[in-house]
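Dear colleague,

Please find the structure below, handed over for your files.

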2 protein chains.
Amino acid sequence: MKKRNFMKMYQASIQITLKKGILDVQGKAVENALHAIEFPMLTNLRIGKHVELNVEAEDKEKANALVTDACNKLVANPIIEDFKINLTEV
Amino acid sequence: MKKRNFMKMYQASIQITLKKGILDVQGKAVENALHAIEFPMLTNLRIGKHVELNVEAEDKEKANALVTDACNKLVANPIIEDFKINLTEV
């Protein structure tokens, strides 16, 4: 896609975490493995996803709206996951 | 585990990303799917892991050392992944 002059490029960093109360089997497995070696002091481990992407938009609000929409429709599963978006202009 | 008085509790937030140059097939698949629906302006998508855990340690330096050690040994794969640790006292 040709970059137009009036468009800006933003880098989005998205933290996707399982909602509170949703069982995190992967996190539980890793926590148990940590306790079995030398790390009993690490607890409440939960594993989510970290997504980075570039977004081309007119301004930060539009970029945020686009990324939120993409997260709700495809990147995250809003039924069981929460997500936090952090945008920086690049 | 009983909490001793001289120990502090920290919450660690760890961002695990694939090293630059390592092919991210999952990210590529999600990016292609986004382009196929209504999001051609989202590019360079890469997917990593986001891990949250509590750590009990005497001070922040010890907590950081413990989490770094756990990441190198089990939580991340240091051959193909980078990780960033963020600690806050709770």
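Across the interface of chain B and chain A, two salt bridges are found, a salt bridge being a side-chain nitrogen of Lys or Arg within 4 Å of a carboxyl oxygen of Asp or Glu. K73(B) forms a salt bridge with E38(A), with 3.1 Å between the closest N and O atoms.

Please note that this is a predicted model, in which local features need pLDDT of at least 70 and side-chain atom pairs count only at pLDDT 80 or more, while totals for chains, interfaces and linings use all residues. Residues are numbered from 1 along each chain as its sequence is written, chains are lettered from A and ligands numbered from 1 in the order in which they are written, and side-chain values use heavy atoms, with hydrogens and water left out.

The interface

Ten residue pairs, both members at pLDDT 80 or more, are in polar contact across the interface of chain B and chain A. A polar contact is a pair of N or O atoms within 3.5 Å; within protein, one must be able to donate a hydrogen and the other to accept it, and residues adjacent in sequence count only if both atoms are side-chain atoms.

The side of chain B that touches chain A receives two or more residues from each of strand 1 (8-18), helix 1 (25-36), strand 2 (42-57) and helix 2 (60-75) of chain B. Helices (H or I, at least four residues) and strands (E, at least two) are DSSP runs, numbered from the N terminus. Strand 2 of chain B gives the most to this side, with 15 residues. By class, the side comprises 19 nonpolar, nine polar and seven charged residues; Ala, Val, Leu, Ile, Met, Phe, Trp, Tyr, Cys and Pro count as nonpolar, Asp, Glu, Lys and Arg as charged, and the others, Gly among them, as polar.

In total, 35 residues of chain B are in contact with 35 residues of chain A, contact meaning heavy atoms within 4.5 Å. The area buried between the two chains is about 3000 Å², and carbon and sulfur atoms give 67% of it. Buried area is the accessible area (1.4 Å probe) that two parts lose on being put together, summed over both. M41(B), H50(B) and L74(B) supply 19% of the area that chain B buries against chain A, more than any other three residues.

The strands

Strand 2 of chain A and strand 2 of chain B pair in the antiparallel sense over eleven bridges; two strands pair if DSSP finds at least two bridges between them. Here R46(A) has E52(B) as its bridge partner.

Within chain B, strand 1 runs antiparallel to strand 2, joined by nine bridges, and I16(B) is the bridge partner of K49(B). Strand 1 of chain B also pairs in the antiparallel sense with strand 3 (residues 81-89) of chain B over nine bridges, where Q11(B) stands opposite T88(B).

One backbone feature remains. N44(A), in strand 2 of chain A, has a positive phi of about 55° although it is not a glycine.

With kind regards
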